[in-house]
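Hi,

Here is the structure I promised to pass on.

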Amino acid sequence: MGGMIAALLARGGAEVSGLARGATLEAVRSRGLILDFKGERHEARIAVDDNPAALGVQDAVIIAVKEPALAGLAPSLTPMIGPETAIVTAMNGLSWWFFHGLGGRRIACLDPKGEIEAALPSRQAVGAVLHLWATVPEPGHIDAGPGDRVILGSPGAMDLSRLAAAFEAGGFQVQRSDDIRAEVWSKLLGNLSGNPISAVTGATLDRILSPDGTLDAAMALMAETTAVGRAIGIEPVISLEARVELGRSLGAFKTSMLQDFENEKPPEIAALLTCVSEIGRAEGVPTPLIDAMRAIVTLRAETAGLL
């Protein structure tokens, strides 16, 4: 996701810097960032480094890492964050800023020691809900799927006009939201229902959401998530049936959590599952199926040595 966003922002005329490491860093330095998108190849020459201090303060920092990596990464990003820098989370699930402005409440499982908040102030956060996907056939080379829709919104009072304009210039279909929490929760419905089932079964989304597959289990996970959302004032922006049809439209799609297991990377358990259980407990809303799926996926990850 980070590579796709960087390449398209550069195509639209933005001055883009990238924080990368290892083989990706070397590939982008030597031949640029390559993006295959909608039948066209784009080659973006961007500034890239593995040291945030070398890149300096940015107008916007777009974070597209997986949730397990954020706690270790966040303190290193401070040289890139000025008092007006937009901190954009292009990530799955809930983020540390989710309850910003709502009485000091926070999600403990995402930032237990407050270190992410200290490095990345929630008042500067911008949520980016991505309805797109991409794969990395080789370092520095992004192969993007057909999606191009991005929803932007701030839980604080960040001005989104320049950021939205940059995304639009790059070719994204941008929607601005006055209630980014509801949009994040809507995306969470799909991720929470499909990701853990795929991680356990190895099945693609079309099979998970088929009537002879695990459709009932996916619907039950979404129902529990909806109940927790309503307890904190979030009404669904899309019906459960429409969310299922949206998932089915992706076809034989491997969820990000299944890809994590296949690539031997830590799965996003806290941002997709643990956080909903935590909020449910605080609100007195039972989440027995979510709790069970969290325990099963966690055990699988522990057994595979991924935690």
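I call a residue buried when its relative accessible area is under 20%, and exposed when that value is over 50%. Please keep in mind that this is a predicted model.

With that in hand, let's start with helix α13. Ile290, Met293, Val297 and Ala301 are its buried residues. They sit on the same side of α13, because the arc they cover around the axis is only 70 degrees. The buried residues of α13 pack against α7 (180-201), α9 (215-231), α11 (256-262) and α12 (269-283). On the face turned away from that buried side you will find the exposed residues Pro288, Leu299 and Thr303.

The length of α13 also checks out. The helix runs over residues 288-303, and its 16 residues should span 22 Å at 1.5 Å a residue; the end C-alpha atoms are 23 Å apart, so the two values agree. Just after α13 comes Gly305, with a positive phi of about 70 degrees.

Now to the cysteines. Searching the whole structure turned up 0 disulfides. Cys109 is in none, and its nearest cysteine sulfur, in Cys275, lies 5.4 Å away. Since a disulfide needs the two sulfur atoms within 2.5 Å, the sulfur of Cys275 is too far from that of Cys109 for a bond. Cys275 is buried, at a relative accessible area of 0%, whereas Cys109 is partly exposed, at 23% relative accessibility.

Best wishes

Note on methods: Residues numbered from 1 in each chain as written. Predicted model: local features only at pLDDT ≥ 70, side-chain atom pairs only at ≥ 80, totals over all residues. Heavy atoms only, no water. Buried < 20%, exposed > 50% of the residue type's maximum accessible area, 1.4 Å probe, protein only. Helix = DSSP H or I, 4+ residues; strand = E, 2+ residues; numbered from the N terminus. Expected span 1.5 Å × (residues − 1). Arc of directions from axis to C-beta. Contact = heavy atoms within 4.5 Å.
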